[in-house]
Amino acid sequence: MRIEEEMSYDEIRKRINVSKSTLHEWLKYFPLSRERILELEKANWTKNQAKIERYRVTMAEKRELGRREIHAKYLAKFVNLSEDSFFIAGLMLYLAEGGKRDHYRIVIANTDARIIKFFVGWLNRYLDISKESLRVELHLYPTMDVPKETLFWKSELDLSEGQFYKTQMRKLQKSSFSYRESFRHGTCSLSVCSVKKKTEIMMAIKAFLDLDELTYGRV
């Protein structure tokens with residue numbers, strides 16, 4: 001209703017029984033355009049409705065400007081990062097998102113294609129794991145176009161049809177949409193089997209954490 005029909009908060013609340021605070025939380029990242037606000041104001045909006053929507057647009061623009069400034073600051077800061085820094089970044093990513101249940105399989109899952117692409121490059125760059133040896137399993141929802149999403153991940157990761165396992169379908173639940181765009185292309189689970197490489201990752205992570213604890217006394 002907000003994105004496709006460009007409806008106001010009041011119009012949406014007429015269709016669904018939800019509080020203003022809840023609706024604000026759902027739609028705070030989806031302000032109407034200034035052009036749309038002007039259209040609705042000319043039609044049947046009250047001045048107060050238009051004022052509220054304009055305020056939301058202004059705040060969204062300020063947030064976006066702030067994000068761009070921070071992005072530019074860190075882009076300039078990170079441009080000269082060392083190889084060790086990128087290696088550690090991959091280790092920490094795996095510590096947070098990677099599979100640790102077994103000793104032979106490297107596996108990481110995420111909804112963000114850029115995260116998976118980073119890890120594909122990281123595996124090749126630091127562990128000499130070829131892209132051809134990787135396997136992918138997609139976790140999608142029944143409402144999704146499976147061939148379309150499979151094509152999306154194949155294109156993003158530059159992998160072949162034979163590297164994809166059978167897609168797993170997930171049951172829709174409220175928690176499936178707990179954060180913005182969590183459902184956009186489903187979840188991609190990337191894996192490769194290698195006892196030696198998995199051991200190297202886990203021992204490198206352990207060494208980093210041990211050093212941190214010894215150096216700074218952190219637990």
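## Strands and how they pair

Two strands count as paired when DSSP finds at least two bridges between them. Keep that in mind for this predicted model, where Leu140 stands opposite Met169 in strand 3.

One example is Glu137, whose bridge partner in strand 4 is Ser189.

Put together, 4 strands make an open sheet in the order 1-4-2-3, with mixed pairing. Strand 1 and strand 3 sit at the edges with a single partner strand each, so one side of each has no neighbour in the sheet.

## The overall layout

Now for the whole chain. The protein has 8 helices and 4 strands. Reading from the N terminus, the elements go α-α-α-α-α-β-α-β-α-β-β-α.

Of the 219 residues in the protein, 31% are buried. Take the contacts with a separation of 6 or more: 70% of them are between residues 24 or more positions apart.

Nonpolar side chains in soluble globular proteins tend to be buried together. Here, the largest nonpolar core has 31 residues, and those with the most contacts inside it are Phe119, Leu123, Leu190 and Ile201. The elements giving two or more residues to this core include strand 1 (105-110), strand 2 (135-140) and strand 4 (187-193). On the helix side, the list has helix 5 (83-97), helix 6 (113-127), helix 7 (146-157) and helix 8 (195-216). Helix 6 gives the largest share, 8 residues.

Apart from this core lies another one, of 6 residues, and among them are Tyr9, Ile12, Val18 and Leu23.

Leu190 is found in strand 4. With a relative accessible area of 2%, Leu190 falls under the 20% cut-off, so Leu190 is buried. Leaving aside neighbours within four places in sequence, Leu190 is in contact with Ile106, Val107, Ile108, Ile116, Phe119, Val120, Leu123, Leu134, Arg135 and Val136. For a bit of distance context, the C-alpha atoms of Leu190 and Gln163 are 9.9 Å apart, and these two residues are 27 residues apart along the chain.

Leu123 turns up in that list of contacts, and Leu123 has its own set of partners. Not counting residues up to four places away in sequence, Leu123 touches Ile106, Asp128, Ile129, Leu134, Leu190 and Ile201.

## A buried glutamate

Which side chain of opposite charge is nearest to Glu149? The nearest is Lys148, 5.5 Å away. A salt bridge needs a side-chain nitrogen of Lys or Arg within 4 Å of a carboxyl oxygen, and Glu149, though buried, has no salt bridge.

Glu149 has its place in helix 7. The side chain of Glu149 does make a polar contact, at 2.6 Å, with the side chain of His185. Beyond its neighbours within four places in sequence, Glu149 is in contact with Leu138, Leu140, Met144, Arg184 and His185. Leu140 in that list is the residue that stands opposite Met169 in strand 3.

How values were computed
Residues are numbered from 1 along each chain as its sequence is written. This is a predicted model: local features need pLDDT of at least 70, side-chain atom pairs count only at pLDDT 80 or more; totals for chains, interfaces and linings use all residues. Side-chain values use heavy atoms; hydrogens and water are left out. A nonpolar core is a set of buried Ala, Val, Leu, Ile, Met, Phe, Trp, Tyr and Cys residues joined through side-chain atoms within 4.5 Å. Buried means under 20% relative accessible area, exposed over 50%, partly exposed in between (1.4 Å probe, protein chains only). Contact means heavy atoms within 4.5 Å. Lys and Arg count as positive and Asp and Glu as negative; His and the chain ends are not counted. A polar contact is a pair of N or O atoms within 3.5 Å; within protein, one must be able to donate a hydrogen and the other to accept it, and residues adjacent in sequence count only if both atoms are side-chain atoms.
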